[in-house]
Amino acid sequence: MPFNTELFDLALGRVRDNVDKVTFCTQLPTTYAEALTTYALAEKDNPTVTDIEADGADGRQVRVTTFANGVLLGGGTVTHYALLDTGNSKLEVAEALAAPVAVNDDNPANAFEITQDIIVRIAQP
């Protein structure tokens with residue numbers, strides 16, 4: 001049964017309007033605390049989240065755009081990202097990255113970057 005895309009837009013609008021931090025984690029966080037501290041190896045405050053758009057098929061999406069000024073919190077392998085609403089202590093979205101990324105925190109001046117947009121997509125079932 002197809003869903004009205006307005007339903008997708010409501011969910012994605014919440015992401016667009018409320019996400020104020022993205023963290024990169026060693027495993028899939030299932031709670032706000034896990035995403036913020038337990039599994040986080042890197043973070044970016046106030047990431048740019050695009051407006052809602054068609055996904056090229058039959059769903060809708062938003063994007064967290066690339067950045068080069070994230071902060072490393074520790075060393076290891078990042079496998080997931082989490083989008084957070086820190087004002088309300090909510091984990092909004094958490095998903096696997098396309099490929100694991102090794103991070104090294106030996107130099108505190110090292111910045112964390114992403115070179116491809118993170119796409120949050122809701123597709124028709």
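1. Leaving out neighbours within four places in sequence, Thr 23 is in contact with Ala 35, Ala 40, Ala 42, Glu 43, His 80, Tyr 81, Ala 82 and Leu 84, contact being taken as heavy atoms within 4.5 Å. Thr 23 lies in strand 1, where strands (E, at least two residues) and helices (H or I, at least four) are DSSP runs numbered from the N terminus. At 0% relative accessibility Thr 23 counts as buried, on a scale where buried means under 20% relative accessible area, exposed over 50%, and partly exposed in between (1.4 Å probe, protein chains only). A polar atom of the Thr 23 side chain lies 2.9 Å from the backbone oxygen of Ala 35.

2. On the basis of these values, the model is a predicted one, in which local features need pLDDT of at least 70 and side-chain atom pairs count only at pLDDT 80 or more, while totals for chains, interfaces and linings use all residues. Residues are numbered from 1 along each chain as its sequence is written, and side-chain values use heavy atoms, with hydrogens and water left out.

3. The largest nonpolar core holds 22 residues, of which Phe 24, Tyr 81, Leu 83 and Phe 112 touch the most other members; such a core is a set of buried Ala, Val, Leu, Ile, Met, Phe, Trp, Tyr and Cys residues joined through side-chain atoms within 4.5 Å. Strand 6 (residues 76–85) supplies the largest share of this core, 3 residues. The structure holds 9 salt bridges, each defined as a side-chain nitrogen of Lys or Arg within 4 Å of a carboxyl oxygen of Asp or Glu. One of them joins the side chains of Lys 21 and Asp 45, at 2.5 Å from N to O, and this pair links distant parts of the chain, with Lys 21 in strand 1 (residues 21–25) and Asp 45 in strand 2 (residues 40–45), 24 residues apart. Lys 21 counts as buried at 9% relative accessibility, whereas Asp 45, at 41%, counts as partly exposed.

4. Arg 63 takes part in two of the salt bridges described here. In the bridge with Glu 53 the closest N and O atoms are 2.9 Å apart, and because Glu 53 lies in strand 3 (residues 53–54) and Arg 63 in strand 4 (residues 60–64), the pair ties together parts that are 10 residues apart in sequence. In the bridge with Asp 117 the closest N and O atoms are 3.8 Å apart, and here Asp 117 sits in the loop between strand 8 (111–114) and strand 9 (118–122), 54 residues from Arg 63. Glu 53 is partly exposed at 28% relative accessibility, as are Arg 63 at 24% and Asp 117 at 31%.

5. A further group should be read together: Arg 16, Asp 17 and Asp 51 are joined into one network by salt bridges that share partners.

6. Two backbone values deserve a reader's attention. Asn 46, which is not a glycine, has a positive phi near 50°; Asn 46 lies in the loop between strand 2 and strand 3 and is exposed, with a relative accessible area of 58%. Ser 89, also not a glycine, has a positive phi of about 50°; Ser 89 lies in the loop between strand 6 and strand 7 (90–103) and is partly exposed, with a relative accessible area of 44%. For background, most residues other than glycine have a negative phi.

Key:
A polar contact is a pair of N or O atoms within 3.5 Å; within protein, one must be able to donate a hydrogen and the other to accept it, and residues adjacent in sequence count only if both atoms are side-chain atoms.
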